[in-house]
Amino acid sequence: MVPLSYYLVLSGFLFACGVAGFLIKRNIITIFMSIELMLNGVNLSFVAFAAHWHSLAGQVFVFFVMVVAAAETAVGLAIIIAVYRTRETLNVDQVNLLKL
Amino acid sequence: MSIHLLLFLAFGAVCVAGAINLLAQTHPINSALSLIAVMAALAGEYLLLGAEFVAAVQVIVYAGAIMVLFVFTIMLLNAGVEERTTGSRVAVLFGIPGMLLGSILVGWVVLRHSGTEAVRAGALPGDPRTLGQLLFHEFLLPFEITSVLILIAIMGAVVLASKPPTSPAGKVD
């Protein structure tokens, strides 16, 4: 039997890695993947608490998080493709104008 | 040491190694592959928690669909090795110690104050039948709103990623 706190520590570590990647990465696709890592950390918390409180609502919320992540990925990657088409770079430091 | 704890530690080690590797690699395709490893190991953690349907969906949707989309985009844009710029030095100086400090603090607080109630695997029915009944009765309204969100996302992705007609400046793609 694994204590709940172990799952929470792992989930917090994954979230912290996502935040650090979001801050230190310069490639816009890798920054996007860091966001996915954060969402995965949150999902682990949801499932762990669902098992802890004997409530299935936590598992249902994981599906909503996944759906939002999928929608976000589709739109975000389309935006990245549009940015690359006009700026010809994936470096966020060179994408410094609000217009395409 | 029970088999559950051993499995948790094994999957957790893969998760931690993959997350650190995502930060350490400079080529986006390597980061994407380590993220796939993290997601697959997380599916194992979900199985340990008794959420078998969530684990299956994690593998199919996250490690399958979403990450294939990422890899596809990386190959489409021919993304090369990440260029280091001076702007990221401040972020490295504050980001990595902040992350370490934050994880140590959170880990210490959680481990110290949360007691040691164990999560019992299989105590909660995580099968598709029960989940579907919950999803289509209690969570029907959020489910329907999510479908609208997906529809908007599809239309937005098509509009954003479609090739623009020849720009007014006469530049041809």
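Helices (H or I, at least four residues) and strands (E, at least two) are DSSP runs, numbered from the N terminus. This is a predicted model, in which local features need pLDDT of at least 70, side-chain atom pairs count only at pLDDT 80 or more, and totals for chains, interfaces and linings use all residues. Residues are numbered from 1 along each chain as its sequence is written, and chains are lettered from A in the order in which they are written.

View 1. H2(A) has 26 residues and spans 38 Å from first to last C-alpha, close to the 38 Å expected at 1.5 Å a residue (1.5 Å times one less than the number of residues). Of these 26 residues, 21 are buried (20 or more other C-beta atoms within 10 Å of a residue's own, with C-beta atoms placed from the backbone). His54(A) follows H2(A) and has a positive phi, near 55°.

**View 2. The largest nonpolar core.** A nonpolar core is a set of buried Ala, Val, Leu, Ile, Met, Phe, Trp, Tyr and Cys residues joined through C-beta atoms within 7 Å. The largest one holds 71 residues, and Leu14(A) and Leu35(B) are among those that touch the most other members. H2(A) gives the most to this core, 14 residues. The core lies between domain 1 (1-80) and domain 2 (125-162) of chain B, because both give residues to it; the domain bounds come from an automatic or database domain assignment.

**View 3. Surroundings of Leu14(A).** Beyond its neighbours within four places in sequence, Leu14(A) is in contact with residues including Leu37(A), Leu44(A), Cys15(B) and Ala19(B) (C-beta atoms, placed from the backbone, within 7 Å).

Key: A residue is buried if 20 or more other C-beta atoms lie within 10 Å of its own, exposed if 12 or fewer, and partly exposed in between; C-beta atoms are placed from the backbone. Two residues are in contact if their C-beta atoms, placed from the backbone, lie within 7 Å.
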